[in-house]
Amino acid sequence: MRWANLSSAPPGNGTPEGAAPAAPPLPLALPDAVVRTFDTPGFAGMTFYEVQAKSIINRVPGASRVPFEWTINPYRGCSHACSYCLAGDTAVLLADGRTRPLAELRIGDEIYGTAEQGNHRRHVRTRVLAHWSTVKPAYRLVLADGTELTASGDHRFLTPRGWKHVTAAPPGEPPRPYLTSADSLVGTGRPGDARIDGGGGGIDGTVLASRDALRVRAIEPLGRTETLYDITTGTGDFIANGVVSHNCFARNTHTYLDLDAGRDFDSKVIVKVNAGELVRRELSAPKWRGEHIAMGTNVDCYQRAEGRYQLMPPILTALRDFANPFSILTKGTLILRDLPLLRQAAEVTRVSLSMSVGFVDEAMWRSVESGTPSPRRRLDAVRELTDAGFAVGVLMAPILPGLTDTDESIEATVAAIAAAGAVSVTPLPLHLRPGAREWYATWLKREFPELVPRYRALFRGGAYLPQAYQREVTARVRIAARRHGLVRAEPGETRQVPPDESGPPPAEQLTLL
């Protein structure tokens, strides 16, 4: 792959010499970064910022609800961060008492958020720190007073019992609080009818309360995607159509690097080129207790760019030298490059490996997911890892309704997984998050138009297939697995020899998918 150096910094660290394209402005927060692009189609329009990071072993916030505490992410990307969003015409309460549509807000605008004080929340002034848009499936939230809000299923509103999402967590993901008709929202209702506790000329410091009029009456999928908007504020929330609305903190981290929270967050990736050195230093710290470290939990550490940057070998070397247990989830066959290091690490500590293979039909793979290594190549990788002494689990994902969920496809796939030497198979039927849903719908209409009505019915409730369908497909995979001598494991229960040593927990294995 051919790289272009776009940095004004002197050549170094493998930087190609010669003329370079016109360089974009270097972020002020990354004065020493080397900025690169490369010309493979999968990374068109993307920019990579090579940086010297200050830390690498990160504690996972307790609020994340995943059953592992520590992770290493040598790449800092955007595609796995949450984005909470609302329709652009949602009225946001400004600091001067007026309202403005969410789509028309600008960075620096002064608006109202809230702050906790004892058992209450009070209005406080805050500023818009970031503003962006995205395209997602839309839901309509209707309140008893007639207030309506259009939001994504991931958006959160404040209730007397805390923050709740618009919809429940998708199957296979950690459960999350979500709204029902038994809930009411905290706020004042429609801005035109606002009644603020405390009265007077201003509302600074006045208390917000939930009222009977703000009870949730209906939550309805609109059956379409819409352009939705979000902001980051200094308080982490804002007043939207008279109710308290959560906003995304993650995107604002790019603004700390002099990058914007919208397009830049999606297309400019930070690469921690000194990751291996940092891992070694942090593992040697007296306070480190040798806890399990998960990799592949945010982005695939064996993505294509790893072939150029080669960050994993020094990371694995350090983990081996300190006998620190770790796990890796990947769809990439590039993991075989590091097989000698993985074997050396497995001699001194617990190493757990998992691969994702949804089906083995080569024509289907070329049509639907040609950007990944072929199923046969991934299964060959499972065989090589198995022959090297690892007990590798396979996530059978995604299973496609009407295409790869037939008895014949399931049988062929499970048989191939068993023949590759995997110790377990865990089925995961297709789910269609925003972005993937639109792409898949276009592909399906072009390639299999006769299935469009069935998919429309199956995904009528949102991004996930009906529970009854999932249970039925899972049962058929289990039967096939028993027939081929595979003991089904929950995601992440794969084990590295010796067999009594357990691998990483379920939520870790689901993150990449």
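**Reading a hairpin and a helix**

Modeller: A hairpin joins β13 to β14 through two residues. This is a predicted model, in which local features need pLDDT of at least 70 and side-chain atom pairs pLDDT 80 or more, whereas totals for chains, interfaces and linings use all residues. Residues are numbered from 1 along each chain as its sequence is written, and side-chain values use heavy atoms, without hydrogens and water.

Colleague: In which sense do strands β13 and β14 pair?

Modeller: Helices (H or I, at least four residues) and strands (E, at least two) are DSSP runs, numbered from the N terminus. Two strands pair if DSSP finds at least two bridges between them. Here β13 (residues 156–159) and β14 (residues 162–165) are antiparallel, with four bridges; Thr159 has Gly162 of β14 as its bridge partner.

Colleague: What span should helix α9 have?

Modeller: The expected span is 1.5 Å times one less than the number of residues. For the 13 residues of α9 (residues 407–419) that gives 18 Å, and the end C-alpha atoms are 18 Å apart, which agrees.

Colleague: Which residues of α9 are buried?

Modeller: Buried means under 20% relative accessible area, exposed over 50%, and partly exposed in between (1.4 Å probe, protein chains only). In α9, Ser409, Ile410, Thr413, Val414, Ala416 and Ile417 are buried. Their directions from the helix axis to the C-beta atoms define an arc; the buried residues fall within 160 degrees, so they line one face of α9. Asp407, Glu408 and Ala419, on the other side, are exposed.
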